[in-house]
Amino acid sequence: MDERELVDLLRRYGPLLRYVIAPILPNPQDQEDCLSETALRVWERSGQFDPARGSWTAWLTAVARNTALDYARRQARRYMVGQVEEHMPSPEPTPEEAVLLRERQEAVRRALERLPGSDRALFYRKYYYRQSTAQIAAELGLSQRAVEGRLYRLKKRLRTLLGGEEHG
Amino acid sequence: MGDQGWNRMGGDDFDALLESSLTGLPPKDVVKRVTPWKRAMRWLLAGMALTTLTLNVLNLHLLLPAIGMVLLLLGFRALRRENRWFGACYAVTVLRTAYVCADLVLNTTIWQRAVHASSLANALTGLSLALLFMEFFCLWRGLRAVQRKAGETPRAWNAAALMVWYALLWLLALAGDRIGWLLLAAMLAGYALVLRSLWRLSKELDQAGYAVRPAPVRVSDRTLVLALAALLTAGCACGYLLGSRYPMEWTPVEAGPDGEAAGLRAHLLQLGMPEYVLDDLTAEELAACEGALQVVVDVDDEAVDGGDMPKLRVTGVGVEVPGEKERWIIIHHFLWLADPGFHGTEAIQLRTVYEDLPEGWRSAGQVTGRVLYEQNGESYAAPYYFLGERTCTAGSLPWEQHSGNDVFAAFSVPPGGENCRGYLTYSIEEVRDGYIINGWLDYTHQKTWLQYPAVTALERRLAGSWNHDGAFRTIGVSLQFEQTEEGARLLAP
């Protein structure tokens, strides 16, 4: 990808990248910084895009989301430097925790596959895109209370599905 | 980990776990669904298609545009704060939805045809058309504003093409019946192309659409749709309840005839006039029978609801009165022997003797009559809501069809009214000897409120329909007799 292609990409996919970044980084300046960082990452890693694993839009979404999350983590760490960081446990999981986490992630993935498409999309809005209840409500034409109710029922269902899977 | 592990986990821990569980690419279906724009755009397109292309069967030409308007309302509601053009679209759609809903409610009343034929309706149709053009113009500008916001070159010519298409359609509508099928097909094809282009435009705008911020709503789309449906249902219920009958000027019937009239009454009874007919005539109508020479009576009991039990008695009476030439007073009387069932609108079509056989008979006075009923022991009477001549073609079979000026009467009787009845009477004078007396009465009864749009029995009758499967049923009864040396003789007893 050359520089002109990067400019084109930003022009064409800028709104999508901003849409993904904004809920994770509410500050407009952070959003712009993160957008530049995301564009750079896309430029650097565009060779890694594999159409077999997902669409171009999905890949861009993932890159933007992960860049924004990294940005937010970095900011949080910077804030904590010199304050309580020395008392915090290491953020890196132990090997045992890592195995447990992978098992849980796989269980959640299987449970999500059993949900209807609309519920799965709602789940991703909340836990992947990190959208606020207000944003979800506006985009789905629902009241905030209705979104909260749907999320509550969704989590309850997921708990049941996850518990059921463990039983099986 | 056992199931207790999941259940033991607190709300925040569970949330954190769910967040950390999603590491890969989002599934394709999720990526398609998570967009601030497509949902509203899809509704707008569906709404535009439904409000324009309609099927004129099973009232779909009314139902589909109403659904389309609701979709447009929801679509523009989501986009109303995106830019001022979409805001204007929303305001216009609110007005158009109100207009469509009001029209749907109006259609449940018997006044809908009169209102639709009025100049006010013409003005409102023009206003509605202007609003439609305004909506498309604002949509076009709104789409361009979205493109501009997303850093794209503003285009959206497809929305502008819709305006051109509607303008052509409007011109064709003015041309009326002169539109050929070929031109109509070309217009439909053009519309399909415009919609397809809009659909493609919405896909092209997918990326720009991420710049759109839907407006928050206090009332969810579902609640709004349910509220609109409830409002519409309530409006239609009120329409059927309050707008299904004519306002009649009922007044209590005055006391019986005085001494002189009592003598005449006794004379007519002696000649064979049924008492129930005699009792209903006004003093003037009774006086017109002074010196009656003979009375001819023909009684028909009809099962108006299609069953075996006769419910409507139609009595034809001819009273010969003295004069230089042969003169008759013709009375067509109807009496409900049982409750009519639904009390909506009723209509009578009267083919007078002088209209049927103008060579032999001429009119010797206007057609008069009234409607009566009883309630709580009191009798009430009212003039017909409508009584007058209308040119029409009538006859159930092709060789029976005739056209001319028949007398039509329309009325309603109130619910709870008992012994509902009425009559029409007129007098005729001989033009030339040798002609029979032949008068017809077609009675149209409204069986049910369940019809949409609502039409009156009179409108139904004027359309010349004999279809018994709908909300109306018509029965035809004749009074036919001839004068012989032995006196009058019924021809069709």
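In which sense do β7(B) and strand β8 (residues 378-382) of chain B pair, and over how many bridges? The two strands pair in the antiparallel sense over five bridges, where pairing requires that DSSP finds at least two bridges between two strands. Strands (E, at least two residues) and helices (H or I, at least four residues) are DSSP runs numbered from the N terminus. The model is predicted: local features need pLDDT of at least 70, side-chain atom pairs count only at pLDDT 80 or more, and totals for chains, interfaces and linings use all residues. Residues are numbered from 1 along each chain as its sequence is written, and chains are lettered from A and ligands numbered from 1 in the order in which they are written.

B:T368 is bridged to B:T425 in β11(B).

Also in chain B, helix α5 (residues 60-79) and helix α6 (residues 84-106) have axes that come within 9 Å and cross at roughly 155 degrees. α5(B) is therefore roughly antiparallel to α6(B). Axes are lines fitted to C-alpha atoms, for helices over the stretch in contact, with angles running from 0 to 180 degrees between N-to-C directions. Angles under 35 degrees count as roughly parallel, over 145 as roughly antiparallel, 65 to 115 as roughly perpendicular and the rest as oblique. The crossing of α5(B) past α6(B) is left-handed, a term for a near helix turned anticlockwise from the far one by less than a right angle, with right-handed used if clockwise. Residues of α5(B) that meet α6(B) include B:L62, B:M69 and B:F76, and those on the α6(B) side include B:F86, B:Y90 and B:V100. By class, this contact has 15 nonpolar, two polar and two charged residues. Ala, Val, Leu, Ile, Met, Phe, Trp, Tyr, Cys and Pro count as nonpolar, Asp, Glu, Lys and Arg as charged, and the others, Gly among them, as polar.

Chain A has seven helices and zero strands. Of its 168 residues, 30% are buried, that is, with 20 or more other C-beta atoms within 10 Å of their own, against 12 or fewer for exposed and values in between for partly exposed, C-beta atoms being placed from the backbone. Among contacts in chain A with a separation of 6 or more, 64% are between residues 24 or more positions apart; a contact requires C-beta atoms, placed from the backbone, within 7 Å.

The axes of helix α1 (residues 3-21) and helix α2 (residues 28-45) of chain A come within 10 Å and cross at roughly 125 degrees. α1(A) and α2(A) are therefore oblique to each other, and α1(A) passes α2(A) in a right-handed crossing. Among the residues making the contact are A:L6, A:L10 and A:L17 of α1(A) and A:L35, A:V42 and A:W43 of α2(A). The contact residues divide into ten nonpolar, two polar and one charged.

In helix α3 of chain A, A:R74 is exposed, with 10 other C-beta atoms within 10 Å.

Note on methods
Contact = placed C-beta atoms within 7 Å.
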